[in-house]
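Thanks for coming, everyone. Please have the structure open while I talk.

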Amino acid sequence: MSSPEIASLSWGQMKVKGCSTTYKDCKVWPGGSRTWDWRETGTNHSPGVQPADLEEVVKKGVKTVVIGRGMSEALQVPPSTVEYLKKNGIDVLVLQTEKAVEEYNALAAQGVRVGGVFHSTC
């Protein structure tokens, strides 16, 4: 199963190819995507992305995770989150969201088992 292409990104809106939902923040993995609801894990801009935000994506057998920190990079990614991914043998890229989407789509096009979490505002 391949990772779905992110078809479009604008402030507060993301579309994933093959999915009719428009996301504000989303999680993607080989074969699927869904809304990334920060309330599920109590995530805020600071301290930022928690390992719990990534568990679902990690369980899908990804080799690489791309984290989009927002258009102005307001979303933090603590070292503990990066360490969690590396301990699980997963490469991680932490980028401004537009750059993150570009990298994610490039990896997906190469057939890499890539997943991601993307914040589409601040």
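I will start with the whole chain and then move to single residues.

One thing before anything else. What you see is a predicted model. Keep that in mind throughout.

So, the overall build. How many helices and strands does the protein chain have? Three helices and eight strands. The elements run β-β-β-β-β-α-β-α-β-α-β.

Next, size. Along its principal axes, the C-alpha trace spans about 30 × 30 × 25 Å. What radius of gyration would a compact globule of 122 residues have? It would be near 14 Å. The protein chain has 13 Å, so the value agrees with a compact globule.

Of the 122 residues in the protein chain, 46% are buried. The accessible surface comes to about 5,900 Å². Carbon and sulfur atoms account for 49% of that surface.

What about contacts along the chain? Take those between residues at least 6 apart in sequence. Of these, 68% join residues at least 24 apart.

On to charge. The protein chain carries 14 positive and 13 negative side chains. How far apart are the centres of the two sets? They lie 4 Å apart.

Some of these charged side chains pair up. The structure holds seven salt bridges. I will show you three of them.

Begin with Asp25 and Lys24. These two form a salt bridge, and their closest N and O atoms are 3.5 Å apart. Is Asp25 buried or exposed? Its relative accessibility is 5%, so Asp25 counts as buried. The cut-off for buried is under 20%.

Now find Arg34. Its side chain meets that of Glu40 in a salt bridge, at 2.8 Å from N to O. Arg34 also meets Glu56 in a salt bridge, again with 2.8 Å from N to O. This second pair links distant parts of the chain. Arg34 sits in strand S5, residues 32-35, while Glu56 sits in helix H1, residues 51-58. The two are 22 residues apart.

Glu40 is at 47%, so Glu40 is partly exposed. Glu56 has a relative accessible area of 24%, so Glu56 is partly exposed too.

Which residues does the network of salt bridges link? Lys27, Arg34, Glu40 and Glu56. Pick those out together and you can see the network on screen.

Stay with Arg34 for a moment and look for Thr21. Where is Thr21? It is in the loop between strand S2 (13-16) and strand S3 (22-23). Thr21 and Arg34 are 13 residues apart along the chain, and their C-alpha atoms are separated by 8.4 Å. Thr21 has 34% relative accessibility, so it counts as partly exposed. Leave out residues up to four places away in sequence, and Thr21 touches Met14 and Lys15.

Now jump to helix H3. This helix covers residues 97-109, and Glu102 is found in it. Glu102 has a relative accessible area of 58%, so it is exposed. The cut-off for exposed is over 50%. Asn105 lies in helix H3 as well. Is Asn105 buried or exposed? At 18% relative accessibility, Asn105 counts as buried.

What does Asn105 contact, leaving aside its neighbours within four places in sequence? Glu5 and Ile6. Glu102 and Ile6 are 96 residues apart along the chain, and their C-alpha atoms are separated by 8.7 Å.

Last stop, Lys86. This residue is in helix H2, residues 79-87. Its relative accessible area is 55%, so Lys86 is exposed. Here is a pair to set beside the last one. Lys86 and Ser3 are 83 residues apart in sequence, and C-alpha to C-alpha they are 20 Å apart in space.

To recap, this is a predicted model with three helices and eight strands. It holds seven salt bridges, and four residues, Lys27, Arg34, Glu40 and Glu56, are linked in a network of them. That is my tour. Over to you for questions.

Note on methods: Residues are numbered from 1 along each chain as its sequence is written. This is a predicted model: local features need pLDDT of at least 70, side-chain atom pairs count only at pLDDT 80 or more; totals for chains, interfaces and linings use all residues. Side-chain values use heavy atoms; hydrogens and water are left out. Helices (H or I, at least four residues) and strands (E, at least two) are DSSP runs, numbered from the N terminus. The radius of gyration is taken over C-alpha atoms; the globule rule is 2.2 Å times the number of residues to the power 0.38. Buried means under 20% relative accessible area, exposed over 50%, partly exposed in between (1.4 Å probe, protein chains only). Contact means heavy atoms within 4.5 Å. Accessible areas come from the Shrake-Rupley method with a 1.4 Å probe; for residues, only the protein chains shown count as cover. Lys and Arg count as positive and Asp and Glu as negative; His and the chain ends are not counted. The place of a charge is taken as NZ of Lys, CZ of Arg, CG of Asp or CD of Glu.
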